Amino acid sequence: YKAGVVNLTVGQETLGSDNGVRAFQTPLATGHKFQGFADKFLVTPANGVVDTYFKVAGKAGPVALSAIFHQFDADFGGGSYGDELNLVANYKMNDNYSLLFKYAAYSGDSAAAGAFAVDVDKVWFMFSANY
């Protein structure tokens with residue numbers, strides 16, 4: 001949905017499970033782009049994952065901004081893995097140079113098993129030169 005200079009997106013992606021035995025895998029895909037920047041789901045857990053997300057994006061002058069909230073749940077057996085907030089600011093200085101800031105804050109559900117219960121914060125600063 002577009003409201004003036006702000007874009008709103010709501011979506012859900014499911015990587016299913018075979019009754020908790022094995023989950024759908026995407027070995028050549030990038031989970032980073034689609035399932036949160038904290039990279040908790042680069043390998044789909046055996047119970048699968050349902051990613052429900054909300055995104056707000058727009059511009060503040062020359063800076064493109066976005067905020068994405070993810071809620072991660074198991075596809076099989078119910079339960080929550082946790083949630084994640086991603087923030088992005090991209091400043092295109094000119095046709096050749098740009099600056100990018102990304103932040104990921106994953107908050108694991110205390111009932112989640114193993115690595116999915118562990119909180120993670122990550123920050124990226126990037127300078128790009130294109131010729």
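**Briefing: a buried histidine and its surroundings**

His70 counts as buried, because its relative accessibility is 4%. The model in which this residue sits is a predicted one, and the protein it describes has 131 residues, of which 30% count as buried.

**Overall architecture**
- The protein is built from one helix and seven strands, and, read from the N terminus on, its elements follow the order β-β-α-β-β-β-β-β.
- Among contacts between residues at least 6 apart in sequence, 51% join residues that are at least 24 apart.
- The accessible surface amounts to about 7,900 Å², and carbon and sulfur atoms account for 60% of that area.

**His70 and its partners**
- His70 lies in strand S4, which covers residues 63-73.
- The side chain of His70 makes a polar contact of 2.9 Å with the side chain of Asp51, and another polar contact, of 3.3 Å, joins the side chains of His70 and Asn86.
- When neighbours within four places in sequence are left aside, the residues in contact with His70 include Phe34, Gln35, Gly36, Thr52, Tyr53, Gly82, Asp83 and Glu84, as well as Asp51 and Asn86.

**A nonpolar surface patch**
- Tyr1, Val5, Val6, Leu8 and Val56 make a nonpolar surface patch of about 490 Å².
- Val6, one of these patch residues, is found in strand S2, which covers residues 6-15, and Val6 counts as partly exposed because its relative accessibility is 30%.

How values were computed
Residues are numbered from 1 along each chain as its sequence is written. This is a predicted model: local features need pLDDT of at least 70, side-chain atom pairs count only at pLDDT 80 or more; totals for chains, interfaces and linings use all residues. Side-chain values use heavy atoms; hydrogens and water are left out. Patches are made of residues with over 30% relative accessible area and no salt bridge: like charges are joined within 9 Å, nonpolar side chains (Val, Leu, Ile, Met, Phe, Trp, Tyr) within 5 Å. Accessible areas come from the Shrake-Rupley method with a 1.4 Å probe; for residues, only the protein chains shown count as cover. A salt bridge is a side-chain nitrogen of Lys or Arg within 4 Å of a carboxyl oxygen of Asp or Glu. Helices (H or I, at least four residues) and strands (E, at least two) are DSSP runs, numbered from the N terminus. Buried means under 20% relative accessible area, exposed over 50%, partly exposed in between (1.4 Å probe, protein chains only). A polar contact is a pair of N or O atoms within 3.5 Å; within protein, one must be able to donate a hydrogen and the other to accept it, and residues adjacent in sequence count only if both atoms are side-chain atoms. Contact means heavy atoms within 4.5 Å.
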